[in-house]
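Try each task before reading its solution.

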Amino acid sequence: AAGDKTKIFMQGLPYTAIKEDVAHFFRNCGTIKHIDLPLDYDGRSSGSALVSFETTDAAAAAVALHGEMFDEENGRWVKIKYDTP
């Protein structure tokens with residue numbers, strides 16, 4: 001639905017990231033309903049994720065992590081914003 005503030009889109013994930021890694025990154029934000037890791041046409045990770053949260057507060061906490069380091073080992077900064085249809 002338009003104006004749905006419970007879903008976020010993140011970019012900049014390492015290609016090796018799995019759903020558990022994404023869930024761990026957002027562990028302090030609130031309850032996650034669903035995580036989708038879209039694949040590129042060649043079947044590899046696209047380095048992005050769509051995450052649906054239970055509440056708008058949880059999604060807001062997730063968006064507040066924009067620019068944080070997802071994986072210190074690889075030094076990857078993630079972009080996080082509300083998902084727009």
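This is a predicted model: local features need pLDDT of at least 70, side-chain atom pairs count only at pLDDT 80 or more; totals for chains, interfaces and linings use all residues.

**Exercise 1. Find the ring under the charged end of Arg 76, and give the distance to its centre.**

Step 1: The ring belongs to Tyr 15, and the charged end of Arg 76 sits over it, 5.7 Å from the centre. A charge sits over a ring if NZ of Lys or CZ of Arg is within 6 Å of the ring centre and within 35 degrees of the ring normal.

Residues are numbered from 1 along each chain as its sequence is written, and side-chain values use heavy atoms, leaving out hydrogens and water.

**Exercise 2. Decide what charged partner, if any, Asp 71 has.**

Step 2: Asp 71 is buried, that is, under 20% relative accessible area (1.4 Å probe, protein chains only).
Step 3: Asp 71 has no salt bridge, which would take a side-chain nitrogen of Lys or Arg within 4 Å of a carboxyl oxygen of Asp or Glu. The nearest side chain of opposite charge, Arg 76, is 7.1 Å away; Lys and Arg count as positive, Asp and Glu as negative, with His and the chain ends not counted.
Step 4: Not counting residues up to four places away in sequence, Asp 71 touches Pro 14 and Arg 76, contact meaning heavy atoms within 4.5 Å.

**Exercise 3. Describe the aromatic pairs that Phe 25 forms with Phe 26 and with Phe 70.**

Step 1: The whole structure holds three aromatic pairs. Rings of Phe, Tyr and Trp (its six-membered ring) pair if their centres lie within 6.5 Å; planes under 30 degrees apart are stacked, over 60 edge-to-face, and the rest tilted.
Step 2: Phe 25 and Phe 26 are edge-to-face, 5.0 Å centre to centre with 75° between the planes.
Step 3: Phe 25 and Phe 70 are tilted, at 5.1 Å and 45°. Phe 25 lies in helix α1 and Phe 70 in strand β4, so this pair ties together parts 45 residues apart in sequence.
Step 4: Ring pairs link Phe 25, Phe 26, Phe 53 and Phe 70 into a cluster.

Technical notes:
Buried means under 20% relative accessible area, exposed over 50%, partly exposed in between (1.4 Å probe, protein chains only). Helices (H or I, at least four residues) and strands (E, at least two) are DSSP runs, numbered from the N terminus.
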